[in-house]
Amino acid sequence: MGRYVLRRLLQLIPVFFGTTILIYWLVWSVPGDPFAGKCGERACPDSYVQFMTDKYHLDDPLPVQYFHYMANLLTGDFGQTFGGRDIGEIIAAAYPNTLKLALVALTIEAVIGLTAGVLSGLRRNGFLDNLVLVSTLFLVAIPTFVTGFVLQFLLGVQWKIINPTVSSDAPISELIVPGFVLGSISMAYVARLTRTSIAENSRADYVRTAVAKGLPRRRVVGVHLLRNSLIPVITFLGTDLGSLMGGAIVTEGIFGINGIGREVYRAIVTKEGATVVGIVVVLVMVYLLMNLLVDLLYAALDPRIRYE
Amino acid sequence: MSNVFVSEQSEAAAAGHPSGRLLEVEELRVEFRTRDGVAKVINGVTYHVDAGETLAVLGESGSGKSVTAQTIMGILDTPPGFVTGGQIRFHGRDMLKMSAEERRRIRGEGIAMVFQDALSALNPVFTVGFQIAEQFRVRRGMSRGDAKKRAAEMLDQVKIPNAKQRINEYPHQFSGGMRQRVMIAMSLALDPEVLIADEPTTALDVTVQAQIMDLLAELQQERQMGLILITHDLGVVADVADRIAVMYAGRIVEEADVHELYAKPAHPYTLGLLESIPRIDEKGQQLRTIRGLPPSLLRIPSGCPFHPRCPMAQPVCAEKVPPLLQLGPTRASACHFAQDLVSRD
């Protein structure tokens, strides 16, 4: 197990270099001038452009630029934006909000999705089962931005139950509706996955054995059936947390949450290449670590899986 | 045309006298309501087992032997399975009339079951110790530590080496034979009065089969349990069973003491089964089989359900259902020509 974790961690190194090269190359291949529109109505003075180009090594060949960038990154320096802001600070300011939003979304997904899935899986073809089937179909079919704008308009503008936008420090209470919007599609998947898993396993031989042992129904369901049925669901939730932590450009945009998704979007639009690369590097690492965590969790839940 | 064997029991039950028998199944009827129609899986099965006795229930796949066992345990999948008639009396009380809670309490303590495939019957994500100890905790209210100790004792009783270490292992870490021992230990944990073993050795190697059968026989003797051994393997039965009930198409077609049955089968189906056992002195010759296939339970043949495959069939067989007739103190046969079969040499 320890060796497996070590090997997986070592695998992060080539992935780290691979993604940074790719992202670096892609970002600087996008056509356009980073200094267009930086100086108000007029074009920037040549002296300024020359100064900035020298400062950021923009005339050097791409591999050399990459080398400079990596040298700084490996000492923990994410560099600066063209405006002189520390990119590390931008990430540090925005990331906590994204994490909070991700956790709220995950909680909503897990609690509502699992409950609906278990109940409908136990009573197949009942009223609740049909309700869950129809409503999840509905949720999956609607794009996030529609759910977001509709809820924002109804709850925030029309009925004034919530603030239409989230304040800058993003308290948890204000993140519930955005979290629901962000998690809604995955919530539907969780409900369906749980339902199928419960329905399938409830006919399993070991469930019949548990009944034959004379265990009460709540123990048969709550211990024997649930534990087996949750394995695929928890794997899904873990992977989903990884992508939720990558920021939510649409949801963060709609509710004005100062998160990492919005920062990335802003950086792409303003051609702040270093910012884009910096954020993406962090996100890739987080995603890979989350995946490793999911794999370890999987082995912990299912004793038949052992990593060598 | 009611037979003596059945009517005796019915009178006792009707009069409200417990017959003193441990477990009795009487005129049990079960059907499966499927999309293709109603399959009559059990059509009036009657058998009983007493303490310290082994009853072997023999039959091909689809003869209804496992469904009868599931109905006794109360683990029949409903739907599609429905009990449509009969009684299952445990200590003289009809279990089919009991509340769900009452029946639950009988499971494990009164009647327990060993399943065919221990790998799928044991829960893959819990240690075997947990799965055995769970019964002591839930049913006997023991502490975690005490329950675990008792679980290790149970593994010891079924002769699993290193029981104390092995209780912390998962089912997939055991070999097939050891896994079936775990299954047996689990079913015996609450000291049941009746044990139903549903093809306990079918999934195992021949050498291991013998070990498991010996173990079951030994434990049954020790504990004086009633054992219902469900099997399709005549070889398995001969050594351990006291009585044999042969099932065909959801009916008992012959019931006999084990020696009587092997010596002189009183039903052509039993005869066919015995003749289809491969024999070393007939090496090189073609194996004798029973021609045809078991009938579809959606369309059971008229009269005797075995008549389309029976070498002795006469016109009467297609018309009248032969009742289970008592031929002696311990044997009964449901064949129009049972007397002829028994009296021939």
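What percentage of the 308 residues in chain A do buried residues make up? In this predicted model, the share of buried residues in chain A is 33%. The chain contains 12 helices and 0 strands, so that its pattern along the sequence is written α-α-α-α-α-α-α-α-α-α-α-α. The C-alpha trace of chain A spans about 85 × 55 × 30 Å along its principal axes. Among contacts in chain A with a separation of 6 or more, 74% join residues 24 or more positions apart.

The domain assignment divides chain A into domain 1, residues 2-87, and domain 2, residues 95-301. Taken over C-alpha atoms, the centres of domain 1 and domain 2 of chain A are separated by 33 Å. Contact between the domains of chain A involves 17 residues of domain 1 and 14 residues of domain 2. On the side of domain 1 that touches domain 2, the largest share, 10 residues, is supplied by helix α1 of chain A, which covers residues 2-29. By residue class, this side of domain 1 of chain A consists of 11 nonpolar, 5 polar and 1 charged.

Helix α4 of chain A (residues 87-122) packs against helix α11 of chain A (residues 260-269), with axes that come within 7 Å and cross at roughly 135 degrees. On α4(A) the contact is formed by A:Ile90, A:Ala94, A:Tyr95 and A:Thr98, and on α11(A) by A:Ile260, A:Gly261 and A:Glu263. The residues of the contact of α4(A) with α11(A) comprise 4 nonpolar, 2 polar and 1 charged.

The buried residues of α11(A) are A:Ile260, A:Gly261, A:Arg262, A:Glu263, A:Val264 and A:Ala267. Their cover includes α4, α10 (249-254) and α12 (273-301) of chain A. After α11(A) comes A:Lys271, which has a positive phi near 55 degrees.

Between the chains, 17 residues of chain A are in contact with 21 residues of chain B. Two elements of chain A, α8 (205-212) and α9 (217-244), each give two or more residues to the side that touches chain B. The most is given by α8(A), with 6 residues. The side of chain A that touches chain B divides into 6 nonpolar, 4 polar and 7 charged residues.

The largest nonpolar core has 132 residues, and those with the most contacts inside it are B:Val182, B:Ala185, B:Ile196 and B:Ile228. Leaving aside residues up to four places away in sequence, B:Val182 touches B:Ala118, B:Leu122, B:Val128, B:Leu155, B:Pro171 and B:Phe174.

In chain B, B:Ile252 is found in strand β10, residues 251-257. B:Ile252 has 26 other C-beta atoms within 10 Å and is therefore buried, the cut-off being 20 or more. The residues that B:Ile252 touches, not counting those up to four places away in sequence, are B:Val45, B:Thr46, B:Tyr47, B:Ala245, B:Val246, B:Met247, B:Leu324 and B:Ala334. From B:Ala118, B:Ile252 is 134 residues apart in sequence and 28 Å apart in space, C-alpha to C-alpha.

Technical notes. Residues numbered from 1 in each chain as written. Chains lettered and ligands numbered in written order. Predicted model: local features only at pLDDT ≥ 70, side-chain atom pairs only at ≥ 80, totals over all residues. Axes fitted to C-alpha atoms, helices over the stretch in contact; angles between N-to-C directions. Helix = DSSP H or I, 4+ residues; strand = E, 2+ residues; numbered from the N terminus. Contact = placed C-beta atoms within 7 Å. Nonpolar A, V, L, I, M, F, W, Y, C, P; charged D, E, K, R; others polar. Core = buried A, V, L, I, M, F, W, Y, C linked by C-beta atoms within 7 Å. Buried ≥ 20, exposed ≤ 12 C-beta atoms within 10 Å, placed from the backbone. Domains from an automatic or database assignment.
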